[in-house]
Amino acid sequence: MPKRTIVLSLKDQDIEKFLEYITQRLRGSDYSLTYKDGRIYLTIHGRPREIEDLIRSARKAHGDFMKIHKPVAGVRRYPKDWLVERSRGISLSLLIRALLAKGYIAEMKNDVLVSNIEPEEILNIFGQLREIYWPIRFKIKQRKVREILTIASFITSEPIMSLLYQAMEKGIIRRTEEGVYLFTINPELALDKLIGIKDYDEGSEYGS
């Protein structure tokens with residue numbers, strides 16, 4: 001059967017993480033790996049077209065790994081597909097809001113999240129957001145209201161329904177007769193108020 005070997009550079013301290021990462025990308029294919037002196041020798045077996053596809057996957061996995069695990073000036077780059085695979089129902093916009101609220105750098109550029117957060121902490125934040133967001137996704141149907149309350153709960157550690165009731169008591173959110181929740185002020189100002197950043201001014205209603 002045809003085979004082809006490519007060489008990928010990697011430092012000793014990264015080998016364990018990278019092997020776990022690339023194994024997921026090459027799952028179900030016929031390949032072997034050896035490591036020596038900072039280089040991984042990846043041999044792929046299969047039909048010529050399959051080999052080419054797997055090589056592209058392996059090179060992309062290596063490039064993505066280096067972006068994530070090798071920060072430049074303290075900043076890491078997280079490819080969108082890496083994030084989506086780990087999001088499990090949490091939107092990237094919600095993740096970015098959470099990162100910014102926590103004081104991290106967070107900006108999407110060409111399907112890459114540029115941030116100073118470490119990979120393990122991103123996974124941790126995804127988990128925290130899921131614990132807050134999923135239980136209330138059917139109780140609070142307005143996406144904007146749901147996301148703002150999720151971020152406020154994430155930052156303050158207050159239960160999300162408690163924050164909703166507080167917001168209604170303070171006139172930040174009102175509930176219509178149809179059961180629709182609406183902001184009475186700009187949503188960003190509502191978030192600031194809920195996490196105690198600054199005062200707000202009463203304004204017109206803002207929908208979800």
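What covers the buried residues of α1? The views below take up this and related points in a predicted model, in which local features need pLDDT of at least 70 and side-chain atom pairs count only at pLDDT 80 or more, whereas totals for chains, interfaces and linings use all residues. Residues are numbered from 1 along each chain as its sequence is written, and side-chain values use heavy atoms, with hydrogens and water left out.

**View 1. The buried residues of helix α1 and their cover.** Ile15, Phe18, Tyr21 and Ile22 are the buried residues of α1 (buried means under 20% relative accessible area, exposed over 50%, partly exposed in between, with a 1.4 Å probe and protein chains only). They lie on the same side of α1, because the arc that they cover around the axis is only 130°, taken from the directions from the helix axis to the C-beta atoms. Glu16 and Glu20, on the other side of α1, are exposed. The cover of the buried residues includes β1 (3–9), β2 (30–36), β3 (39–45), α2 and α3 (80–87), where contact means heavy atoms within 4.5 Å; helices (H or I, at least four residues) and strands (E, at least two) are DSSP runs, numbered from the N terminus.

**View 2. The aromatic pair of Tyr21 and Phe65.** A search of the whole structure finds three aromatic pairs (rings of Phe, Tyr and Trp, the last by its six-membered ring, pair if their centres lie within 6.5 Å; planes under 30 degrees apart count as stacked, over 60 as edge-to-face and the rest as tilted). The ring centres of Tyr21 and Phe65 are 6.0 Å apart with the planes at 45°, so this pair is tilted. It links distant parts of the chain, with Tyr21 in helix α1 (residues 15–25) and Phe65 in helix α2 (residues 48–69), 44 residues apart. Both Tyr21 and Phe65 are buried, and together with Phe18 they form one aromatic cluster.

**View 3. Tyr78, its aromatic partner and its strand partner.** Tyr78 and Trp82 form a tilted aromatic pair, 5.3 Å from centre to centre and with 40° between the planes. Tyr78 counts as buried at 0% relative accessibility, and Trp82 is buried with a relative accessible area of 5%. In β6, Leu113 is the bridge partner of Tyr78; β4 and strand β6 (residues 112–115) pair in the antiparallel sense over four bridges, where two strands pair if DSSP finds at least two bridges between them.
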